[in-house]
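Colleague: I'd like to learn how to read a model like this one. Could you walk me through it?

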Amino acid sequence: MAKISINIASGAIEKPNVVVGIDLGTTNSLVAYTPKGELHPKLVGNNQNFIVPSVVHFDDNNIPLVGSKAKQLIAQHPERTIFSVKRLLGKNYHDISAHTDYLGYKIINDDQDNLVKVNIAGNYYNPIQLSAIILQELKEKAQIFLNATVDKAVITVPAYFNDAQRQATRDAGKLAGLDVLRIVNEPTAASLAYGIDKTDQDKTILVFDLGGGTFDVSILRLEQGVFEVIATNGDTYLGGDDIDKIIVKYWLELNGLEIENLNQNQIQSLRIAAETAKIALSNSPELPFNTPVQFGNVTLNTYIEYHTLVALAEPILSKTMNCVSMALKDAKLLANEIDEIVLVGGSTRFPEIYKLLSDKFPGVQINNQINPDEVVALGAAIEADILAGNRKDILLLDVTPLSLGIETAGALMDVLIPRNSKIPTRIGREYTTSVDGQINLKIAVYQGERELVTQNRKLGEFILKNIPAMPAGFPKIEIQFAINADGVLKVAAKELRSGVMQEVDIQPTYGLTDAEVETMLESGMINAQADIELRLEKEAQNEAEQLIYTAKRFLEKHGILLTSEEILGTEQRIESLRGLLLSNNRNEILAGVEALNEYTRPFAERVMDVAVSTALKSKKVQDI
Ligand code: AMP
């Protein structure tokens, strides 16, 4: 018989509530939890379906499909099937333009610093929304499996993720209806899964994470139970897939074939066979692989032995070991100063990796007993259990009860220090102006979980004065938030080009009762999804307003270089975007932004050409 819990004070029936740990991966994602009263975390799902591929497919009605079924549609519907979203998180078009070739879907080039968006049949999605769709699927999977409410989670991110990427991950969680209790570094989670923190000694740990497409090495310092990342290195485009490609190349040579003579399906079959061979040889090095591949009536010889695989993989493995050396160098450590190694990622099952690491770090314990695909999610579930207050043996450190941030365009709250951050802490973020010649900047500091500052608590404001007049977007204004051990917040603003600065001290918890904090948290949670949707709408409006401003300025300054038809065309698109702004429809506004951007891009390029040729001319004059 099922049991229910009743809250004695309110009489309400309480559903069990579980805090889960989520490994939101580039290729695959997993959820884990710690059963009540137990110490060991478990994965959500049944043996064969723990893993949810991080792939989203949109059907003809734009209904998203997530996971294995979506993955199967990559080849068939490349423009509607999104994979590797994690590579786009917190990035703008310029950050990723060099790597868009292999993506079958279209990334919008907006010539600005906005976060990337994908256009799928007229709907604009940013990586936060796409990640939220994956998280939503994971959340539902957990709710069904655990028969419980799942609305709180710990999510892991790579140690090298910057502030914007971490914030984007939090927002994705919020949009998926999850209260993200903490963002944890993947290597830290893996170390927690091995219980490395359960010691009084300080330790230095190297986490070696080789997956299908990415490689990360992190060096962590454990002091008094707290992990700190002291160095990271790696290659975001290196992994087991590269070994598969080299095997395919080897087989083609063995059979006297050129890759150009094969069609996509044949290449795909060979890749799959190569991965099978790699895994088979990894698991049983003494048995050669010899399962021929059939192309029509041609039989391909795929014979390969372990020592050949090792020789073929050597360039990839030596790249990873170079990254290890660089991480050690950055951490100013010698190999013999590493106390333990943790292996993460499916490719670390290749025995050669263990061998190379034990050669470089003789006598150091290499932790590889936990499944390397699952270890991060399991560690996240341990952290989740700690934050849920279920582990009485672990002391929770002082944390910020509510998020702290500043007001940005559109009255949006830009969180600098998320709630639940350990204190003391410090963070800096760069901002700029949106209007030409702006010399004063108001910095208004708020506290709370809502996306609009008007619904948060204002802690104070000050004005950074006397910024030298510069074009919009040119000043670099760094805002620093620092909370000391007593909980006092120091906010400093500095224009980095001129050195102009100003700072204030604020006591964030002053005059706030526990009940008020609780109310603010609750209203943040209740309104989380609606709030994020509102933020996305406001951001689209900001983007449109900024583009209208820039386009008008462009016409004023460079109109002379355009034909009257081009001027008219630009003005019409500005007007139509103005009209769309009134519609409050995000997709329509973004379509208007894209139309104006596409239309004016050649003009901007023309002006650049003129600027460059003028510069060249003036250089010549000077030279003579
Ligand atoms: P991950 O991204 O962590 O799931 O890792 C997936 C990668 O691990 C793929 O490139 C797999 O081919 C690889 N992999 C899985 N099992 C093995 C194995 N036994 N030996 C070598 N590589 C493996």
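Modeller: Let's start with a term: helices (H or I, at least four residues) and strands (E, at least two) are DSSP runs, numbered from the N terminus. Helix H6 (240–254) and helix H7 (264–283) each supply at least two residues of the shell around the ligand. Keep in mind that this is a predicted model, where local features need pLDDT of at least 70 and side-chain atom pairs count only at pLDDT 80 or more, while totals for chains, interfaces and linings use all residues. Residues are numbered from 1 along each chain as its sequence is written, and side-chain values use heavy atoms, with hydrogens and water left out.

Colleague: Which helix gives the most to the shell around the ligand?

Modeller: That's H7, with five residues.

Colleague: And which residues come nearest to the ligand?

Modeller: A residue is near a molecule if one of its heavy atoms lies within 4 Å of it. Here 16 residues are around the ligand, and Gly-212, Glu-275, Lys-278, Ser-282 and Gly-346 come nearest. Sorted by class, the shell has two nonpolar, nine polar and five charged residues. For those classes, Ala, Val, Leu, Ile, Met, Phe, Trp, Tyr, Cys and Pro count as nonpolar, Asp, Glu, Lys and Arg as charged, and the others, Gly among them, as polar.

Colleague: What lies 2.7 Å from an oxygen atom of the ligand?

Modeller: A polar side-chain atom of Lys-278 does. Ser-282 has a polar side-chain atom 2.9 Å from a nitrogen atom of the ligand, and for Ser-347 a backbone N or O atom lies 3.1 Å from a ligand oxygen atom. The ligand exposes 500 Å² when taken alone, and the protein buries 85% of that; such areas come from the Shrake-Rupley method with a 1.4 Å probe.

Colleague: Now the sheet: in what order do the four strands run?

Modeller: Two strands pair if DSSP finds at least two bridges between them. The open sheet has the order E22-E21-E24-E25, with antiparallel pairing. Strand E22 (412–417) and strand E25 (457–464) each have a single partner strand, so one side of each is left without a neighbour in the sheet.

Colleague: How many bridges join E21 and E24?

Modeller: Strand E21 (residues 404–408) and strand E24 (residues 441–447) pair over three bridges, in the antiparallel sense. Gly-405 stands opposite Tyr-446 in E24.

Colleague: How many helices and strands does the chain have?

Modeller: The chain has 14 helices and 28 strands. Its C-alpha atoms fill a box of roughly 75 × 70 × 55 Å, taken along the principal axes.

Note on methods: Polar contact = N/O pair within 3.5 Å; in protein donor to acceptor, adjacent residues only side chain to side chain.
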